[in-house]
Amino acid sequence: MIQLGDFKLHLLNDCTVRVDAGGAFGLVPRVLYAAAFLPPDEDNLLPMTHHNLLVQAHGKNILLDSGYGSKMTEKQRGYFHYEQYNGGTLGGLARLGLSPEDIDLVIDTHLHNDHCGGNTAYAEDGSLVPVFPNAEYVVQRREYEDASHPNERTRATYIAANFRPLMESGQMRLLDGDTEFVPGVCGVVTPGHTPGHMSVRLESGGQHAAFVCDLATYCVHFERLGWMTAYDLEPMITLETKRQWQAWGLETNALLIFPHDPLRPMGRLTEDAEGKRTVVKVDEAYA
Ligand SMILES: [Zn+2]
């Protein structure tokens, strides 16, 4: 657990998958990312962890992203080499003494399946139900619109079962831009990965943190402005958004949390005398 002023932050490990290195690094030459991150295996796959964050602030349990959830078929899991340890997101919450009923707010950074698949689940009768029955779910309106009208490139990851039932039941609220949910917990639009992508900034007692999410999939994507995934829909906008966030990270010494990095899930940005920017890992156990 990380204490940030009055807030408590718990890093949750949803699962680990393996993804094609071409997707994760796009135009970056293999020899460079193999040295700066990890060399891919013989099938050109790289490990990708899925982190969610529980923020306890002002008496509220706030979950940032819900992970893949339970709706994928065995075949789909096999395709991603999906592995879950210790019960994933819900297992982590249980070890903190929390049940799904205890979550007050679910912040969906964006509606890709690996970030919001855990919003809903199939009940025994086959109907879709919210996993967090007492929570309000929030997402940017732009993201919801894009997810509701996917194209040939985005439709594999924008799955209506993850969000439409929540809108229909009135449990999901759409946001129009940056939003403070409770004092010190702010959703900030960070376009690039998707136009409606949102990161979450946290501030308590003069200390700062951020759930960077897919503004920088791996930590090394945050350090190197020109490196981004091939999944990013607007890579040049990712670059400019990261430039602003690097400056903010240096200025505030914020604890930065990366959604998919198995090596450095958390760290702080530093700059040396030559101007080289490096994220220094902060060691933190999973809940
Ligand atoms: Zn992601």
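This is a predicted model: local features need pLDDT of at least 70, side-chain atom pairs count only at pLDDT 80 or more; totals for chains, interfaces and linings use all residues.
Residues are numbered from 1 along each chain as its sequence is written, and side-chain values use heavy atoms, with hydrogens and water left out.

I searched the whole structure and found 11 aromatic pairs, where rings of Phe, Tyr and Trp (its six-membered ring) pair if their centres lie within 6.5 Å, and planes under 30 degrees apart count as stacked, over 60 as edge-to-face and the rest as tilted. I looked up phenylalanine 25 and phenylalanine 37, whose ring centres are 5.9 Å apart with planes at 50°, so the pair is tilted. Phenylalanine 25 lies in helix α1 (residues 21-25) and phenylalanine 37 in the loop between α2 (30-36) and β3 (45-57), so the pair ties together parts that are 12 residues apart in sequence; helices (H or I, at least four residues) and strands (E, at least two) are DSSP runs, numbered from the N terminus.

I then checked burial, where buried means under 20% relative accessible area, exposed over 50% and partly exposed in between (1.4 Å probe, protein chains only). Phenylalanine 25 is buried at 0%, and phenylalanine 37 is buried at 8%.

I noted that Phe25 and Phe37 belong to one aromatic cluster with Tyr33, Tyr218 and Trp227.

Last, I looked at arginine 201, whose charged end sits over the ring of tryptophan 245, 4.2 Å from its centre, and over the ring of tryptophan 248, 4.1 Å from its centre; this requires NZ of Lys or CZ of Arg within 6 Å of the ring centre and within 35 degrees of the ring normal.
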